[in-house]
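Me: Please take a close look at the aromatic ring pairs of this model, and at the nonpolar packing as background. I would welcome a connected explanation with every term defined.

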Amino acid sequence: MSQRQVLLVFEQYQKARTEFVQTVAELSTRPQNIETLQATGVMQLLRPLLLDVVPTVQQTAALALGRLANYNDDLAEAVVKSDILPQLVYSLAEQNRFYKKAAAFVLRAVAKHSPQLAQTVVDCGALDALVICLEEFDPGVKEAAAWALGYIARHNDELAQAVVDAGAVPLLVLCIQEPELSLKRIAASALSDICKHSPELAQTVVDAGAIAHLAQMILNPDSKLKRQVLSAFAQISKHSVELAELVVEAEIFPAVLTCLKDSHEVVIKNTATLIREIAKHTPELCQLIMNAGGVAAVVDYIGDTKGNVRLPGIMMLGYVAAHSETLAMAVIVSKGVSQLAIILSDEQEDHIKAATVWALGQIGRHTPEHAKAIAVSNVLPKLLQSYISPDSSEDLQTKSKKALKNILQKCVYLPALEPLLQEAPPNILKHVVAQYSKVLPNDPSARRMFVTSGGLKKIQEIRSEPGSALQEHIHEINKCFPEEIVRYYSPGYSEALLQRVEGFKPSTEMQTS
Amino acid sequence: MEDLFKLQQEADEQRIAEYNAALKIQAWFRGNRIRKYMRFLHDTAAKIQSTFRMFTTRKRYYVKVKEALVQRKEAEAHKAAAKIQKIWRGYYTRKYIHNYYARRNYLLAVEERNIEIREQLARFAQNQKEIKEREERMKFEEEKILLARKHHYMMSTYQQNGVFASPWFPNTGFEDLISQVPPLSKEERKNLMKPVKSEGLEKNSPRELPPLKNVIQPKQQGPFRDPTICCVLAYNPTITPVIMLPVITHQYT
């Protein structure tokens with residue numbers, strides 16, 4: 001045969017391979033095709049194509065493999081079992097940028113499903129190759145490598161430590177400074193995934209100088225970038241006081257409060273999480289947030305949003321109020337209590353209600369002034385409802401009970417205690433009665449109100465064991481009033497009176513009989 | 001005889017009376033004298049006792065006075081110390097432990113700051129909204145202009161009203177827009193039709209197959225087509241599934 005015919009055969013074969021690989025890659029973008037592909041054993045066919053002579057075929061084969069592995073973890077396992085990973089890692093060092101991107105994509109797709117798969121990826125020596133990719137010139141390659149590293153570090157502590165040991169962190173910090181937006185996003189997300197596991201990892205990231213660069217990006221208008229940056233900050237500051245202080249020293253307040261007005265809910269939620277993690281640690285940090293106007297911004301944000309998005313904000317208010325009574329008073333001044341009361345009546349989810357109830361308890365437990373502020377906003381009956389209602393979860397009931405108890409022990413605002421007197425179960429009632437027994441001996445107008453509102457009647461109707469604290473308090477209250485009125489309101493008095501009426505023989509009747 | 005007896009009796013009685021009188025006088029006198037003496041003795045004893053008592057009590061008195069003085073001084077010192085401590089404690093607590101006025105000022109400052117921040121954030125949110133709306137409007141305008149440029153050939157002519165200038169439908173201004181904007185040139189139209197090219201992970205266009213290197217010798221003798229054209233024909237995906245083979249001549253070796 002002529003030379004040209006021989007060459008023609010090879011051309012045909014090349015064309016066939018290329019078409020096959022491209023079609024498979026295209027088909028694997030759609031989920032419904034993937035099961036069919038899996039059934040036909042596409043993995044074995046694609047594997048030798050990775051070693052093809054033609055670079056395009058290699059790249060497209062890698063791309064197809066990546067898409068398949070991305071779909072579910074069985075396919076990812078199949079990729080691992082077919083022993084493809086070492087080959088990929090080896091060629092990651094050598095080939096051109098398209099291939100590197102595709103190979104990094106495959107590694108990412110395999111590593112994302114579970115820690116075991118990520119561990120296999122690491123065991124093939126992928127980390128060093130990926131870190132070398134991070135030093136590349138092309139931003140697309142860096143992005144793919146950073147993405148893969150982020151997914152590996154996401155799962156657990158050891159994997160994140162392995163990523164850090166491979167020297168990825170300084171390169172990721174360099175990536176953040178690059179002008180390409182997508183690269184910044186991915187690098188920030190990878191750093192966030194590394195920081196979240198332990199304080200040492202967070203410290204490593206901070207030592208690489210990440211905080212300053214991340215802080216600059218907070219003012220970037222892109223929402224997805226802000227989301228990752230805020231998440232990274234939140235993960236760093238949650239571990240310890242020193243890290244939180246470092247984050248705050250980067251002068252993110254008050255600029256970060258503008259992120260609370262972003263149009264994307266995830267950005268708002270991450271900002272609130274960040275502020276919450278900072279506020280958790282010490283009163284000084286809370287004071288800093290307060291001075292920057294953070295509490296007002298958070299109160300506004302929990303009023304504007306709905307559902308799970310406002311949960312970090314509610315918890316933040318609770319943490320701030322828990323530290324000291326000045327901070328709790330400042331939360332009250334920032335209209336926190338009225339907002340929390342609105343949330344308590346609006347929300348249906350139990351865990352959000354539980355958080356609100358807990359926050360209210362932390363605000364009200366310090367002094368009578370705080371308790372009065374809470375009582376005035378008509379929250380106590382709602383707390384009682386949450387405690388009593390059979391629909392509330394266990395958690396909500398425990399939290400309501402604790403909050404109610406803490407607030408009642410300091411509450412001397414009697415008009416708010418009256419509805420509780422009517423409806424409360426005995427263990428709450430004893431606190432209410434105790435408060436009455438503190439106030440009534442000293443205040444005559446309160447005593448008058450107490451009688452006219454039916455409180456004295458209710459007190460007499462309470463049955464309590466002799467010798468218990470409740471009995472003592474009731475006794476003390478009864479001592480504040482004249483005997484006749486106490487007897488008048490005691491139960492069965494009308495019966496006793498009527499019996500006396502029956503037994504009474506008027507003198508005129510006697511004479512005639 | 002009786003006179004003698006009477007006289008004797010009288011003399012006896014007188015003698016007895018005189019005797020009793022003398023006795024009385026002597027008794028009185030002796031009593032007086034002794035009483036006076038007793039009185040004198042009592043007085044001197046009293047005087048001695050009183051001087052002695054004055055002496056001893058004065059000693060004890062001075063001791064007691066000294067003690068009382070010491071105690072009074074101590075009591076004064078205690079009172080003065082209590083007053084100093086009272087003033088100091090009030091001052092210290094009010095200044096450092098629970099400074100009511102500092103706390104009140106702090107809470108007022110917090111309120112002011114909150115108002116400021118709320119205003120700022122509201123302005124920021126408003127700003128963002130406006131920017132977004134402006135961008136959307138601009139995008140919308142640009143799309144309209146692009147559409148007008150694309151539909152240049154629908155413009156109405158002198159003879160015939162175009163679709164957008166139909167007398168049966170209200171004037172939307174699209175016709176005017178078409179007449180105002182320049183039509184698309186040939187390159188622009190081609191650029192529009194071309195799919196957006198993105199790097200790397202997208203499917204490579206079949207037109208971009210790598211060229212076959214040194215496989216076909218150029219400038220064959222004879223009635224053959226240009227080899228590159230043949231290549232393109234061979235790999236043209238619109239021709240399915242039979243590959244159009246380039247014309248081959250058998251070379252008899």
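Reply: The account below turns to the ring pairs and then to the nonpolar packing.

This is a predicted model, in which local features need pLDDT of at least 70 and side-chain atom pairs count only at pLDDT 80 or more, while totals for chains, interfaces and linings use all residues. Residues are numbered from 1 along each chain as its sequence is written, chains are lettered from A and ligands numbered from 1 in the order in which they are written, and side-chain values use heavy atoms, with hydrogens and water left out.

A pair of aromatic rings is described by the distance of the centres and the angle of the planes. Rings of Phe, Tyr and Trp (its six-membered ring) pair if their centres lie within 6.5 Å; planes under 30 degrees apart count as stacked, over 60 as edge-to-face and the rest as tilted. Over all chains, this rule gives 12 aromatic pairs. One of them joins A:Tyr436 and A:Phe450, a tilted pair with 4.8 Å centre to centre and 40° between the planes. This pair links distant parts of the chain, 14 residues apart: A:Tyr436 lies in helix H29 (residues 426-439) of chain A, and A:Phe450 in helix H30 (residues 444-452) of chain A. Helices (H or I, at least four residues) are DSSP runs, numbered from the N terminus. Buried means under 20% relative accessible area, exposed over 50%, and partly exposed in between (1.4 Å probe, protein chains only). A:Tyr436 counts as buried because its relative accessibility is 1%, and A:Phe450 is buried at 2%.

In chain B, B:Trp88 and B:Tyr91 form a tilted pair, 5.8 Å centre to centre with 45° between the planes. These two are three residues apart in helix H1 (residues 2-97) of chain B, so about one helical turn separates them. B:Trp88 is partly exposed at 47% relative accessibility, and B:Tyr91 is partly exposed at 39%. Ring pairs also link B:Trp88, B:Tyr91, B:Tyr92 and B:Tyr96 into a cluster.

As for the packing, a nonpolar core is a set of buried Ala, Val, Leu, Ile, Met, Phe, Trp, Tyr and Cys residues joined through side-chain atoms within 4.5 Å. The largest such core has 188 residues, of which A:Leu46, A:Phe233, A:Ile252 and A:Phe253 touch the most other members. Its largest share, nine residues, comes from H7(A). Domain 1 (1-202) and domain 2 (412-491) of chain A both contribute residues, so this core lies between them; the domain bounds come from an automatic or database domain assignment.
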